[in-house]
Amino acid sequence: MLNYIIRRMLYAIPILIGVNLITFTLFFVVNTPDDMARMQLGIKRVTPEAIEKWKHERGYDKPLMFNDSEEGAAKFTRTIFFEKSAAMFVFDFGRADDGRDIAHEIKARMLPSLAIALPVFLLGLIVYITFALVMAFFRATYVDFWGVVLCVALMSISSLFYIIGGQFLISKLWHLVPISGYGGGLDAGKFLVLPVIIGVISGAGANTRWYRTIFLEEMGKDYVRTARAKGLPESIVLFRHVLRNAMIPILTGAVVVIPLLFLGSLIAESFFGIPGLGSYTIDAINSQDFAVVRAMVFLGSLLYIIGLILTDISYTLVDPRIRLE
Amino acid sequence: MTMLFKPVILWTDALIYLLVMVVLAFVWYVRRNEHMLAPWRRVGHSASGMAALTVLVFFIVIGLLDTVHFRPTVENSSNGEKVYSVEVLSLLDVIAAPLRTRVEKTYSAPFAAYLYARETIELLDGGQIREFPRLQFGGAHLQNPEVQLFADVAWRAAAGAALGFLGWCVLVALLGALLARRDNARFLPTLSAIRRGTTEIPWNAVLVTLGLILSLLGAALALSTHYHIFGSDKVGQDVFYQSLKSIRTGLVIGTLTTLMMLPFALLLGIMAGYFRGWVDDVIQYIYTTLSSIPGVLLIAAAVLMMQVYMEAHPELFDTIAARADLRLLFLCIILGVTSWTGLCRLLRGETLKLREMEYIQAAHAFGVSHWRIISRHILPNVMHIVLIATVMDFSGLVLAEAVLSYVGVGVDPSMISFGTMINAARLEMAREPMVWWALLSAFGFMFALVLSANLFADAVQDAFNPRVRTWSLKAGKPQRTGREEDPETKPVAVAVKDSISP
């Protein structure tokens with residue numbers, strides 16, 4: 001097992017290097033730092049001195065890959081690639097445009113992100129599976145038919161509508177919870193109710209339908225027919241046999257996203273004013289803070305790869321048929 | 001002698017024309033091949049699918065009208081010479097000219113005769129009062145809006161709807177006559193067969209949808225000549241006009257993105273599955289790396305860099321429309337690059353299975369070249385996956401556009417789209433009384449488009465996926481009829497959507 005995990009983690013390294021190269025190409029090769037400086041300082045009336053100063057402040061005034069003016073190993077280390085891109089492997093993300101350390105900021109903002117994302121994830125899983133089970137139980141009846149219709153309708157509504165509509169209905173019209181904001185400790189509860197509910201609802205259509213398909217897929221298998229043939233009641237067949245087997249694809253599908261929960265949700269956080277990583281990213285995009293976006297891209301893929309590794313491990317844990325070797 | 005207008009073909013226009021030609025060629029090809037026609041017949045038998053297709057066709061017609069661009073001439077006042085305007089118009093702009101040109105000062109509610117905001121008005125005797133001024137165009141023909149407005153709106157709506165209904169009746173009669181002639185049946189029994197839904201294609205579903213669309217359209221057109229039926233926005237532009245213009249943007253994002261990613265996905269996916277070995281390793285590495293970057297972050301990074309690039313290279317475009325269009329094209333390319341990986345993986349898996357089939361082994365044994373095996377034997381057998389992925393991606397991409405525009409990495413702010421409409425209207429939620437109309441019409445149009453796309457995608461998926469089964473409602477008890485959505489073909493764009501939506 002340990003052997004497998006280690007091998008799996010070694011596989012992740014070339015992928016991370018690939019991600020690093022992609023971000024490096026995107027941010028420094030497609031456009032030179034000079035272009036970025038001009039964009040940030042305004043295209044017209046920008047002096048070469050101002051551009052140099054901008055680049056110097058951010059440490060972009062070095063060669064990309066190879067520094068001729070240095071000696072020995074410094075030829076490679078005193079370059080943009082080494083200092084800006086390769087440094088991300090040790091979580092040295094540099095500083096944002098407002099001068100704050102990005103790594104520190106990320107650490108502080110992970111918790112608020114998790115405070116929404118985790119309840120949405122857990123509550124969502126329970127709600128979607130319950131509804132999908134009900135629909136699978138009443139398959140080929142009008143309950144199932146209208147359930148699917150409702151799912152398709154829910155899927156077709158923009159997630160922005162759920163947020164805006166929810167804020168309007170619950171906060172503005174009924175004054176039940178604050179429209180937006182965030183507080184520490186227990187105080188956070190009242191701010192989190194609305195985003196969590198909206199998060200669960202906006203994912204309901206696609207996920208419920210998805211889980212229903214998985215259940216129906218499972219119910220068409222031979223062992224289910226055997227169970228029915230033994231004379232087991234439909235409820236036992238569903239809960240004891242189908243549910244447990246269907247949980248394999250559902251759980252492993254869910255495990256992938258667990259690490260990504262740390263990243264939070266871009267739009268929900270910015271609408272509800274929650275100081276998490278999602279709103280951090282949006283702010284960075286809007287203020288064109290390239291360093292932050294770069295850091296988030298790297299962090300996001302790192303978390304995703306961790307998710308993939310966890311998925312593989314969880315497969316072996318829940319499904320005894322899968323052997324590691 | 002100068003022409004009245006100068007045709008303009010923007011980048012996305014050219015690609016849409018290309019797409020239309022590809023679709024037409026595909027239709028022509030399918031019609032000649034019975035085995036390819038069969039699944040489409042199954043699509044044709046699905047009532048919800050055909051109703052959805054009717055709505056989609058309506059949207060597509062509007063989108064295509066909005067694709068034919070040109071620059072009209074304007075008289076040069078100094079020497080009477082004609083020059084082309086810098087403003088790029090489309091056929092839709094010409095048709096909807098009354099909507100486009102009748103611009104109010106600022107917000108006005110749907111069917112309002114008065115402006116949303118108070119204004120100081122100078123009275124004749126020199127005094128001043130603050131009140132809501134009359135709109136310049138909306139309800140301007142009424143003497144006394146308080147009394148007349150409701151009756152006028154109701155009358156115009158009824159007249160428009162009646163006209164639409166009349167047009168619908170003509171269409172029904174035409175269809176009945178056509179079907180009757182084809183089947184050598186009499187006219188009235190054909191009509192009643194259509195009504196009962198016993199025709200091969202569920203014409204009743206199509207006609208009911210069409211009747212709804214035509215009546216609503218008739219009422220909307222009749223009303224919009226004298227009112228802003230969905231109100232007007234901050235700069236006084238008609239919201240109905242903006243909603244119509246947004247349709248093209250949504251369609252472009254939904255279709256061109258797939259057009260962009262198909263070559264990658266097809267080529268790499270089939271190559272990886274067919275050649276295996278190091279080719280497979282390299283391609284797998286590429287798509288694992290790309291797909292490990294969360295979609296929206298990669299899109300954001302790429303769009304940021306595109307903005308820098310476009311700022312640095314202003315010589316690429318000559319008009320504002322060209323600039324917005326180029327940005328839309330870049331967005332499609334970026335969305336395509338980030339979303340080809342899912343389809344690529346599916347195609348690789350399918351090709352791996354196919355290449356072990358006996359007929360392909362036989363082709364190998366006969367010394368058929370790789371290229372020929374791929375194009376003659378593998379490609380036609382994976383096309384159903386491509387088709388399903390294409391239709392399933394569409395709705396996700398339309399929804400993603402709105403979110404991306406909100407995040408600030410979507411279409412150009414000067415381009416009218418559902419995303420920019422929502423983005424502009426969102427800021428006005430806090431006003432009292434609330435400005436809700438732009439938001440609601442953007443969401444409404446988007447919902448209609450995405451819902452019909454979803455329903456049509458389901459019908460296509462049902463018809464083309466031979467492996468899966470469905471639970472028939474009519475049979476009363478669980479019955480396998482051979483179809484159900486396939487868990488493996490989870491839409492690719494969901495990857496984008498998942499990482500965006502909370």
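Predicted model: local features only at pLDDT ≥ 70, side-chain atom pairs only at ≥ 80, totals over all residues.

Reader: How many of the 10 residues of helix H13 of chain A are buried?

Author: The count is 8 of the 10 residues in H13 (residues 277-286) of chain A, so this helix is largely enclosed by the rest of the structure. The buried residues are Leu277(A), Gly278(A), Ser279(A), Tyr280(A), Thr281(A), Ile282(A), Ala284(A) and Ile285(A).

Reader: And what covers the buried residues of H13(A)?

Author: Both chains take part. The cover includes helix H6 (102-137), H12 and helix H14 (290-318) of chain A, together with H11 and H14 of chain B.

Reader: Then let us turn to the contact between the chains. How many residues of chain B are in contact with chain A?

Author: On the chain B side there are 51 residues, in contact with 59 residues of chain A. The elements of chain B that each supply at least two residues to that side are helix H10 (277-292), helix H11 (295-312), helix H14 (370-407), helix H15 (418-426), helix H16 (437-464) and helix H17 (493-500).

Reader: Which of them gives the most to the side of chain B that touches chain A?

Author: H11(B) does, with 12 residues. By class, that side of chain B holds 37 nonpolar, 8 polar and 6 charged residues.

Reader: What about the largest nonpolar core: how many residues has it?

Author: The largest nonpolar core has 203 residues, and those with the most contacts inside it are Val293(A), Ile299(B), Ala300(B), Ala301(B), Val407(B) and Ala442(B). H14(B) gives the most to this core, with 18 residues. Domain 1 (2-90) and domain 2 (110-324) of chain A both contribute residues, so the core lies between them.

Reader: Which residues does Ile299(B) touch?

Author: Not counting residues up to four places away in sequence, Ile299(B) touches Ile334(B), Leu335(B), Thr338(B), Leu404(B) and Val409(B).

Reader: You mentioned the two domains of chain A. How many residues of domain 1 are in contact with domain 2?

Author: In chain A, 15 residues of domain 1 are in contact with 13 residues of domain 2. On the domain 1 side, helix H1 (2-29) and helix H2 (33-41) of chain A are the elements that give two or more residues. H1(A) provides the largest share of that side, 11 residues. By class, the domain 1 side divides into 11 nonpolar, 3 polar and 1 charged.

Reader: And how far apart do the C-alpha centres of domain 1 and domain 2 of chain A lie?

Author: Those centres lie 36 Å apart.

Reader: Back to the helices. Which residues of H8(A) are buried?

Author: They are Ser159(A), Leu160(A), Phe161(A), Tyr162(A), Ile163(A), Ile164(A), Gly166(A) and Gln167(A). What covers them includes helix H9 (188-219) and helix H12 (266-272) of chain A, along with H14, H15 and H16 of chain B.

Reader: What span should H8 of chain A have from its 15 residues?

Author: At 1.5 Å a residue, the 15 residues of H8 (residues 159-173) of chain A should span 21 Å; the C-alpha atoms at its ends are 20 Å apart, which agrees. Just after H8(A), His175(A) adopts a positive phi of about 55°.

Reader: A change of topic: where does Asn67(A) lie?

Author: Asn67(A) is in the loop between helix H3 (48-58) and helix H4 (74-77) of chain A. With 18 C-beta neighbours inside 10 Å, Asn67(A) counts as partly exposed, since a buried residue requires 20 or more. Leaving aside neighbours within four places in sequence, Asn67(A) is in contact with Lys62(A), Ala74(A), Lys75(A), Arg78(A) and Thr79(A). The C-alpha atoms of Asn67(A) and Arg78(A) are separated by 6.5 Å, with the two residues 11 apart along the chain.

Reader: Finally, how many helices and strands are there in chain B?

Author: Chain B has 17 helices and 6 strands. Among the strands, S5 (residues 119-122) and S6 (residues 128-131) of chain B run antiparallel and are joined by 4 bridges. Glu122(B) has Gln128(B), in S6(B), as its bridge partner. S5(B) and S6(B) form a hairpin with 5 residues between them, and Gly126(B) in the turn has a positive phi of about 95°.

Definitions and conventions:
Residues numbered from 1 in each chain as written. Chains lettered and ligands numbered in written order. Contact = placed C-beta atoms within 7 Å. Nonpolar A, V, L, I, M, F, W, Y, C, P; charged D, E, K, R; others polar. Expected span 1.5 Å × (residues − 1). Buried ≥ 20, exposed ≤ 12 C-beta atoms within 10 Å, placed from the backbone. Core = buried A, V, L, I, M, F, W, Y, C linked by C-beta atoms within 7 Å. Domains from an automatic or database assignment. Pairing = 2+ DSSP bridges.
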